[in-house]
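Please look first at the whole fold and then at its parts, in the order in which the paragraphs below take them up.

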Amino acid sequence: MQTPVEIDFQGFAATEEIRSAISKHIAELESRYGRTTACRVIVKGPGAHHQTGGLYEINIRLALPNGREVNVSRTTQSDERHSDLTFAIASAFKRARRQLQDRARRMRAEVKQHEGQALATVARLDQSGEYGFLEDNEGREIYFHRNSVLDGKFPRLNVGTRVTFVEEAGEKGAQASTVNVLGKHTMRA
């Protein structure tokens, strides 16, 4: 880390055993993602408040490059296991590790981006009942075969029926695969 780790104990005296446990958790985070620039841990002792009485609260703030951060500050109010300081620390660092992994994946662009399916209207159907054409929002006509319509709903299609589809290149141009008939009151599949 570029700055020293800050550990702040509030409401009770810290023991060397607790400081050591926190340091081990921080070292593990650093080994997984070495680009952490700063770390601040606040350990709040059990309070006398009705809502959180008897539970430890652990807050962790990790600073990452380019102004990014990971913050863990939630303590489950109904989880009595947080009355054990060792468990509360391990639980907080487990959440921090998961958030740090997720942030690192996003920074490396490993998170999948799903494309939305295109919307179209059935423009015309062949009299043989084997294929038809869709008209997309740009006014293009796209061929589709009855086998492309999901759940065997081809016989229910009429001109004007709204559908979603996946476009692919066919022998004679664009064609639709995976045609899904939209419900009466929906704009989505």
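Which residues of α1 are buried? In this helix, Ile18, Ile22, Ile26 and Leu29 are buried, where buried means under 20% relative accessible area, exposed means over 50% and partly exposed lies in between, with a 1.4 Å probe and protein chains only. They lie on the same side of α1 because they cover an arc of only 70° around the axis, the arc being that of the directions from the helix axis to the C-beta atoms. An α-helix has 3.6 residues a turn, so residues three or four places apart point the same way. The face of α1 turned away from its buried side carries the exposed residues Glu16, Glu17, Lys24 and Ser31. With 17 residues (16–32), α1 reaches 25 Å from its first C-alpha to its last, close to the 24 Å expected at 1.5 Å a residue; the expected span is 1.5 Å times one less than the number of residues.

The model is predicted, and local features need pLDDT of at least 70 while side-chain atom pairs count only at pLDDT 80 or more, although totals for chains, interfaces and linings use all residues. Residues are numbered from 1 along each chain as its sequence is written, and side-chain values use heavy atoms, with hydrogens and water left out.

The protein chain has two helices and nine strands, which are DSSP runs numbered from the N terminus (helices H or I, at least four residues; strands E, at least two). From the N terminus on, the elements follow the order β-α-β-β-β-α-β-β-β-β-β. Of the 189 residues of the protein chain, 33% count as buried.

Val5 lies in the segment before β1 (6–10) and is partly exposed, with a relative accessible area of 36%. Leaving out residues up to four places away in sequence, Val5 touches Ile26 and Cys39, a contact meaning heavy atoms within 4.5 Å. Ile26 is one of the buried residues of α1. Val5 and Val41 are 36 residues apart in sequence, yet their C-alpha atoms are 8.0 Å apart in space.

Strand β3 (residues 57–63) is mostly covered, with five of its seven residues buried. Seven bridges join β3 to the antiparallel strand β2 (residues 38–44), where two strands pair if DSSP finds at least two bridges between them, and Arg61 in β3 is the bridge partner of Arg40. Four bridges join β3 to strand β4 (residues 69–72), again in an antiparallel arrangement, and here Ile60 stands opposite Val72. The hairpin of β3 and β4 has five residues between the strands, and in it Asn66 takes a positive phi near 60°.

Thr161 belongs to the loop between β7 (141–145) and β8, and it counts as buried because its relative accessibility is 17%. The side chain of Thr161 reaches the backbone oxygen of Asn158 at 2.8 Å. Apart from residues up to four places away in sequence, Thr161 touches Ala120, Thr121, Val122 and Val181.

Notes
A polar contact is a pair of N or O atoms within 3.5 Å; within protein, one must be able to donate a hydrogen and the other to accept it, and residues adjacent in sequence count only if both atoms are side-chain atoms.
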